[in-house]
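I opened a new structure today and kept notes as I went. The entries follow in the order I made them.

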Amino acid sequence: MGKTIPHIILFVLPLYLLTISFPLNSQQSNTFFLMHDVPQSNLLNPAIQIECKWYVGLPALASFYSNYSNTAFTWNDLAGSEEWHFENVYGQMHRTDLVLAEAAVHPVSLGYRHRRNYFTLHISDHFAVYTTIPRELAGLALFGNSRYTGETANLGGIRPNALYFREYSAGYSRVINAFTTLGIRGKLLFGKANLYPGRSRVDLTTDESTFDLHLEGDYRLNSSYPLTIEQDANGDITGITDDRPTYRTFLLNRQNRGFAVDMGIIYRHDSRITLSASLLDIGFMKWNSDVNNIRVNGSFDYTGVQPGTDFTSGAYLTELRDSLFDAFEVTVSQDSYFSWLPAQLFFGGTYHVKDNIYLGLTNRNLLFRNKIHASFTFSAGIDIAGRLNTVLSWSYLNNSLKNIGAGLAYHGKGIQFHIVSDNLMGFLQPFDTRSINIRAGANLMLGCPGSKRERNTLSRYPGRLPEGNCGWAETPEFKRKYRKKAARRH
């Protein structure tokens with residue numbers, strides 16, 4: 001099995017690089033979450049309704065989103081000078097850190113409002129790479145095993161998750177009463193490529209008196225991509241070939257299907273305070289095409305290690321490798337498997353200082369590998385003449401406070417443009433930031449009211465942010481109707 005470990009690395013690396021070679025979908029858009037007058041904000045909360053009767057995303061311009069984030073360090077933290085700063089980075093790491101790159105494009109995006117009901121349709125492509133890094137593994141590589149004598153270090157925390165899929169979604173939102181609007185969206189998913197780790201554990205124990213090592217593990221990795229894994233008669237992996245598919249067969253692949261659902265709510269507490277929340281990407285995918293499952297399991301004991309052994313030295317790695325070859329077994333199968341989407345939970349609220357000025361607070365929670373990665377954003381927005389919505393934000397993202405963001409949405413006659421980012425400094429100083437993201441797009445806006453009177457005539461639900469998303473509730477007709485219902489209840 002002398003070639004087993006190197007070829008497992010060669011198996012993981014090409015698929016990882018393949019995924020990030022696309023234009024780098026959880027959607028970290030904290031600033032955008034409260035910009036309810038932009039049609040694509042409905043992607044973050046399916047309860048949001050737009051006042052115009054129709055909106056149509058311009059082809060290739062409807063919406064584009066891209067994000068990179070690292071919860072532990074920046075590039076300059078790691079290599080800000082001629083030397084690497086591994087020890088400083090280790091001091092900044094948490095029990096488990098997350099590095100991700102993601103993007104989404106929406107070639108088809110449209111919405112239609114009929115009275116209190118709002119319908120949306122989207123077709124989109126999503127790309128994402130998530131990788132968790134355990135602090136214990138970094139410490140082991142930097143300082144050797146001396147820090148773990150008498151303890152067990154968990155080395156199974158590196159779990160790369162890469163995926164590319166196409167999404168067809170349909171959403172529905174309805175105004176329930178003067179205070180509450182609910183929304184839901186169903187999403188049909190078709191996977192194109194995936195790398196997904198299964199249930200795994202790798203434990204390394206150092207005896208506190210003899211410093212002997214005991215390594216025990218069961219690591220599983222699944223993929224869905226045209227690869228040929230070659231094995232000899234003993235089951236050893238001797239080579240991996242990339243069977244590059246044609247663009248047509250790759251993009252039209254419908255064998256990997258999945259389903260997900262989004263849910264959202266908007267609650268108007270009073271004329272100044274509006275609260276909103278959403279739960280996104282609750283779903284899974286089943287991978288059936290070009291599947292490979294690699295499993296490495298076994299255990300071995302190694303003696304003769306002294307305190308402070310350098311796990312990165314060539315001599316030690318050679319000796320360790322020779323011991324591993326006969327102790328661990330590698331099996332390869334082609335069984336279908338399931339993968340779960342990283343779920344997101346948003347909470348937000350706005351307080352209107354004036355009809356056209358608001359303060360907002362957003363909390364986003366990404367659930368990945370049984371851990372919640374939370375972020376918070378404080379924002380202030382102003383609506384200028386009903387044409388220009390500008391937002392300035394400050395965020396706690398990726399365990400960093402150095403995030404100043406902004407959003408701009410222009411509403412012209414029949415057209416709307418928007419561009420939003422949670423961290424502008426990421427574009428000015430990309431090597432000194434833990435996150436950088438951008439969202440932009442353009443839409444045709446049809447059947448939009450031109451005045452407040454026209455808004456009330458057109459619909460009981462204008463959906464404008466200054467009215468707290470329930471401006472229709474101020475109409476005399478609705479007030480009479482709602483009072484009658486309330487009287488019947490009592």
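**Entry 1: Asn 42**

I began with Asn 42 and listed what it touches beyond four places in sequence: Ala 47, Ile 48, Tyr 118, Thr 120 and Arg 185. I noted that this is a predicted model. Asn 42 sits in the loop between helix H1 (4-20) and strand E1 (54-57).

**Entry 2: Arg 166**

Next I went to strand E6, residues 161-175, where Arg 166 is found. Is Arg 166 buried or exposed? I found a relative accessible area of 16%, so Arg 166 is buried under the 20% limit. Its side chain reaches the backbone oxygen of Leu 251 at 3.3 Å. Apart from neighbours within four places in sequence, I listed Arg 166 in contact with Ser 124, Asp 125, Leu 188, Leu 189, Phe 190, Lys 192 and Leu 251.

**Entry 3: nonpolar cores**

I looked up the largest nonpolar core and found 16 residues. Those with the most contacts inside this core are Leu 98, Tyr 130, Leu 163, Phe 165, Leu 189 and Leu 341. E3, E4, E6, E7, E13 and E18 each supply at least two of its residues. I also recorded a second, separate core of 13 residues, with Val 202, Leu 204, Ile 229 and Val 330 among them. Leu 189, listed for the largest core, is also a contact of Arg 166.

**Entry 4: the second largest pocket**

I read off a volume of about 1,100 Å³ for the second largest pocket. Its lining has 37 residues, and Arg 159, Gly 198, Phe 368, Arg 369 and Asn 370 lie nearest the centre. Among the elements that give two or more residues to this lining are helix H4 (135-143), strand E16 (337-340) and strand E19 (371-384). By class I noted 13 nonpolar, 14 polar and 10 charged residues in the lining.

**Entry 5: two positive phi values**

Which phi does Arg 115 have? I found a positive value of about 55 degrees, although Arg 115 is not a glycine. Arg 115 is in the loop between E3 and E4. With a relative accessible area of 64%, Arg 115 is exposed, because the limit for that is over 50%.

Asn 398 also has a positive phi, near 50 degrees, and is a residue other than glycine. I placed Asn 398 in the loop between strand E20 (388-396) and strand E21 (404-412).

Technical notes
Residues numbered from 1 in each chain as written. Predicted model: local features only at pLDDT ≥ 70, side-chain atom pairs only at ≥ 80, totals over all residues. Heavy atoms only, no water. Helix = DSSP H or I, 4+ residues; strand = E, 2+ residues; numbered from the N terminus. Buried < 20%, exposed > 50% of the residue type's maximum accessible area, 1.4 Å probe, protein only. Polar contact = N/O pair within 3.5 Å; in protein donor to acceptor, adjacent residues only side chain to side chain. Contact = heavy atoms within 4.5 Å. 1 Å grid on protein atoms, 1.4 Å probe; cavity = no way out; pocket = protein on both sides within 12 Å on 5 of 7 lines; lining within 4 Å. Points joined across faces, edges and corners; volume = space filled by probe spheres on them. Nonpolar A, V, L, I, M, F, W, Y, C, P; charged D, E, K, R; others polar. Core = buried A, V, L, I, M, F, W, Y, C linked by side-chain atoms within 4.5 Å.
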